[in-house]
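Subject: Structure handover

Hi,

Here is the structure for you to look over. My notes on what was found in it follow below.

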Amino acid sequence: MPAIKRHGKHMFAAIEYAGLLLVLMATVVAAAQEVRSMMHNASVSVTDLLLLFIYLEIVTMSSVYWHTGRLPVRMPLYVAMVALARHMMLDSTKLTSLDILAEAGAILLLGVAVLLVRYGHTRYPYLDENGHSRTIS
């Protein structure tokens with residue numbers, strides 16, 4: 001492999017890891033701010049807990065990506081589902097019946113997408129360079 005190509009690969013990997021660390025640090029800061037806010041208000045609501053679960057899922061996504069170099073498709077789908085549920089709870093008084101149905105339908109579609117992705121990965125697994133099955137879900 002030519003030296004320029006090898007150095008290019010290392011440069012892109014370094015940029016990728018720097019971005020991943022930035023996402024991880026920002027998530028930790030946001031979670032700490034949320035915990036501080038809950039302590040300041042001396043109360044914890046379900047929406048606060050859902051937000052903490054979103055942060056935890058982002059940390060998990062970062063960890064999986066760091067260790068495998070791949071981002072499982074299901075994880076962002078889970079984040080989207082929890083975020084929609086949290087939005088429904090936060091703005092329930094401002095939402096119309098049609099808005100609530102639309103968001104519930106979106107959560108249902110995301111759930112179906114998770115099932116389809118999971119089915120696809122078990123039924124049609126990815127093959128690595130050696131032709132061996134590997135799962136990315």
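This is a predicted model: local features need pLDDT of at least 70, side-chain atom pairs count only at pLDDT 80 or more; totals for chains, interfaces and linings use all residues.

A crossing is left-handed if the near helix is turned anticlockwise from the far one by less than a right angle, and right-handed if clockwise. Helices are DSSP runs (H or I, at least four residues), numbered from the N terminus.

Residues are numbered from 1 along each chain as its sequence is written, and side-chain values use heavy atoms, with hydrogens and water left out.

**Helix lengths**

The expected span of a helix is 1.5 Å times one less than its number of residues. Helix α1 covers residues 3–41, 39 residues in total. From first C-alpha to last, α1 reaches 57 Å, close to the 57 Å expected. α3 has 17 residues and reaches 24 Å, close to the 24 Å expected. α4 has 27 residues and should span 39 Å; its end C-alpha atoms are 38 Å apart, which agrees.

Two packed helices are described by the angle between their axes and the distance between the axes. Axes here are lines fitted to C-alpha atoms, for helices over the stretch in contact, and angles run from 0 to 180 degrees between N-to-C directions. Angles under 35 degrees count as roughly parallel, over 145 as roughly antiparallel, 65 to 115 as roughly perpendicular and the rest as oblique.

α1 and α2 pack at about 160 degrees, with axes 10 Å apart. The two are therefore roughly antiparallel. Their crossing is left-handed. Contact (heavy atoms within 4.5 Å) involves, among others, Leu20, Thr27, Ala30, Ala31, Glu34 and Met38 of α1 and Leu51, Tyr55, Ile58 and Trp66 of α2. By class, this contact has 16 nonpolar, two polar and three charged residues. For the classes, Ala, Val, Leu, Ile, Met, Phe, Trp, Tyr, Cys and Pro count as nonpolar, Asp, Glu, Lys and Arg as charged, and the others, Gly among them, as polar.

Which residues of α1 are buried (under 20% relative accessible area; exposed is over 50%, partly exposed in between; 1.4 Å probe, protein chains only)? They are Gly8, Leu20, Thr27, Ala30, Ala31, Glu34 and Met38. The buried residues of α1 pack against α2 (46–68).

Valine 29 also sits in α1. Valine 29 is partly exposed, at 47% relative accessible area. Its C-alpha lies 9.9 Å from that of tyrosine 55, 26 residues away in sequence.

Alanine 42 is in the loop between α1 and α2. Its phi is near 55 degrees, a positive value in a residue other than glycine. Most residues other than glycine have a negative phi. Alanine 42 is exposed, with a relative accessible area of 69%.

**α2 and α3**

The axes of α2 and α3 come within 10 Å and cross at roughly 165 degrees. That makes α2 roughly antiparallel to α3. α2 passes α3 in a left-handed crossing. The contact includes Val46, Leu50, Ile54, Glu57 and Met61 of α2 and Met75, Val79, Val82 and Arg86 of α3. It divides into 15 nonpolar, two polar and two charged residues.

**α3 and α4**

Helix α3 (residues 74–90) and helix α4 (residues 97–123) have axes that come within 10 Å and cross at roughly 165 degrees. That makes α3 roughly antiparallel to α4. The crossing of α3 past α4 is left-handed. Residues in the contact include Arg74, Leu77, Met81 and Met88 of α3 and Glu103, Leu110, Gly111, Val114, Val117 and Arg118 of α4. This contact has 15 nonpolar, two polar and three charged residues.

The buried residues of α3 are Arg74, Met75, Leu77, Val79, Arg86 and Met88. They pack against α2 and α4. In α4, the buried residues are Glu103, Leu110, Gly111, Val114, Val117 and His121.

Where is arginine 118? Arginine 118 is in helix α4. At 33% relative accessibility, arginine 118 counts as partly exposed.

Best regards
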